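Dear colleague,

I am handing over the structure that we talked about, and below it you will find some notes on what was found. Please read them with the model open beside you.

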Amino acid sequence: MGERGLIPPHGGELVGLVVSDATRRSLAQDALKMPRIALPEREQCDLELLAVGAMSPLRTFMSEPDFHAVCTDMRLAGGAAWSVPITCSVDAATAERIPFGSRVALTDEQDRALAVLQVEEKYRHDKGALECEAVYRTRDAAHPGVAVTMSQGDVCLSGPLQVLTPRHEPAFGGYRMTPSQTRAAFAERGWRSVVAFQTRNPIHRAHEYITKCALEICDGLMVHPLVGQTQKGDIPADTRMRCYEALLSNYYSARSAMLAVWPAAMRYAGPREAVLHALIRKNYGCTHFIVGRDHAGVGNYYGTYDAQKIFDEFEPGEIGITPLRFENSFWCRKSGSMATEKTTNSAAEDRVSLSGTAVREMLARGERPPVEFTRPEIADILIEDMRRG
């Protein structure tokens with residue numbers, strides 16, 4: 001354990017890339033005269049996480065050695081475990097116009113400067129044969145992560161990075177905590193063991209069950225929903241946040257659970273993304289990480305428990321944070337409680353299990369799903385959201 005009993009960040013040091021106030025003013029003026037690169041949403045999300053140290057030990061967008069090492073070996077060139085490339089890419093014509101050693105302003109979609117990158121490296125972005133095959137296990141354009149990756153530029157840029165602001169007008173400001181802030185919150189609460197729960201969906205009874213099981217072995221729980229880029233059809237972040245607030249205020253102890261948002265882009269990379277999610281939560285100060293059924297999956301691209309098995313490809317010390325592996329859970333009428341295949345011998349007809357399609361159809365009709373599936377407060381929020389269109 002590190003300072004104040006908390007787990008050390010990945011690589012041993014929490015990176016910080018946001019410049020001082022004095023430097024920001026002069027750098028912002030300089031940035032007005034620089035070539036500008038508008039970052040797509042995924043890269044904006046990645047930049048914010050780099051800036052606040054959530055992606056420690058990374059200090060910038062990946063160099064070519066790191067990119068290739070991560071794709072082929074799930075490790076950085078220096079040997080540290082890392083599973084997903086973090087890149088800044090442009091089209092070939094733009095890359096050609098940027099001299100080595102020059103500085104460029106990285107901007108958001110409104111042309112507001114976010115950071116300054118000194119370009120020391122330009123390399124081919126091997127998107128299909130290398131990144132997509134390694135990270136997503138497919139080049140199918142129907143895969144949302146593949147679609148975003150293939151839309152990126154053909155040349156990656158890397159070099160020293162100075163961040164003016166992690167994000168202009170960030171949403172959910174009260175919950176948008178940096179790793180330094182979550183670590184301070186854990187220390188203030190006296191939590192030495194903290195379990196993180198990653199989600200991009202409302203929390204139903206099955207999720208509630210596994211988070212409370214995890215709480216029985218940890219001092220605290222951080223519900224850490226992803227609020228960055230997701231695919232069309234996912235429930236909007238503002239609706240989900242209302243669900244999380246209602247659930248935690250009504251069904252969790254305020255002494256042992258807290259809510260903070262994670263401003264990341266969802267890649268839907270299944271097993272590889274589960275490792276990334278775990279490493280980043282270690283940087284936030286968590287000692288344990290819940291890995292459930294089809295973590296970070298989409299469609300039928302990954303096996304049900306592939307995201308749990310991938311952790312066996314690392315030595316325990318390489319990851320540092322402890323994965324908690326949970327099977328699919330459900331309400332068991334025979335047991336009169338939540339259960340899994342491990343804990344009940346009930347037949348299928350004794351289990352309350354609904355498909356996502358069935359749940360959406362019920363909500364669209366204004367019907368609450370069974371209380372054994374979801375809390376009524378959550379159902380009402382989702383019904384209201386669907387009525388709004």
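Which residue follows H3, and is its phi positive or negative? The residue is Met74, and its phi is positive, near 55°. Before going on, please keep in mind that this is a predicted model, in which local features need pLDDT of at least 70 and side-chain atom pairs count only at pLDDT 80 or more, while totals for chains, interfaces and linings use all residues. Residues are numbered from 1 along each chain as its sequence is written, and side-chain values use heavy atoms, with hydrogens and water left out.

Helix H3 itself covers residues 64-73; helices (H or I, at least four residues) and strands (E, at least two) are DSSP runs, numbered from the N terminus. Its buried residues are Asp66, Phe67, Ala69, Val70 and Cys71, where buried means under 20% relative accessible area, exposed over 50% and partly exposed in between, with a 1.4 Å probe and protein chains only. Among the elements that cover these buried residues are strand S5 (121-124), helix H5 (127-136) and H10.

Next comes the nonpolar core, a set of buried Ala, Val, Leu, Ile, Met, Phe, Trp, Tyr and Cys residues joined through side-chain atoms within 4.5 Å. The largest one has 80 residues, and Trp82, Leu106 and Leu161 touch the most other members. Helix H10 (residues 271-283) supplies the largest share of this core, six residues. A second, separate core of 35 residues includes Val195, Cys243, Phe373 and Ile378. If we leave aside neighbours within four places in sequence, the residues in contact with Leu106 (contact means heavy atoms within 4.5 Å) include Ile37, Phe61, Cys88 and Leu161.

Two residues around helix H6 also deserve a look. Thr149 is found in H6 (residues 144-151), and Thr149 counts as buried because its relative accessible area is 0%. Its side chain is joined to that of Arg42 by a polar contact of 3.1 Å, a polar contact being a pair of N or O atoms within 3.5 Å, of which, within protein, one must be able to donate a hydrogen and the other to accept it, and residues adjacent in sequence count only if both atoms are side-chain atoms. Gln152 lies in the loop between H6 and strand S6 (155-158), and Gln152 counts as buried because its relative accessibility is 9%.

On a 1 Å grid over the protein atoms alone, a pocket is an open set of points where a 1.4 Å probe fits, with protein on both sides within 12 Å along at least five of seven lines, and lining residues have an atom within 4 Å of a point. The largest pocket holds about 1700 Å³ of space, a volume being the space filled by probe spheres set on the points, which are joined across faces, edges and corners. Its lining has 50 residues, with Asn201, Pro202, His204, His207 and Arg293 nearest the centre, and H13 gives the most, with five residues. The second largest pocket holds about 180 Å³. Of the 13 residues lining the second largest pocket, Leu248, Ala254, Ala257, Met258 and Leu259 are the closest to its centre, and H9 gives the most to this lining, with four residues.

With best wishes
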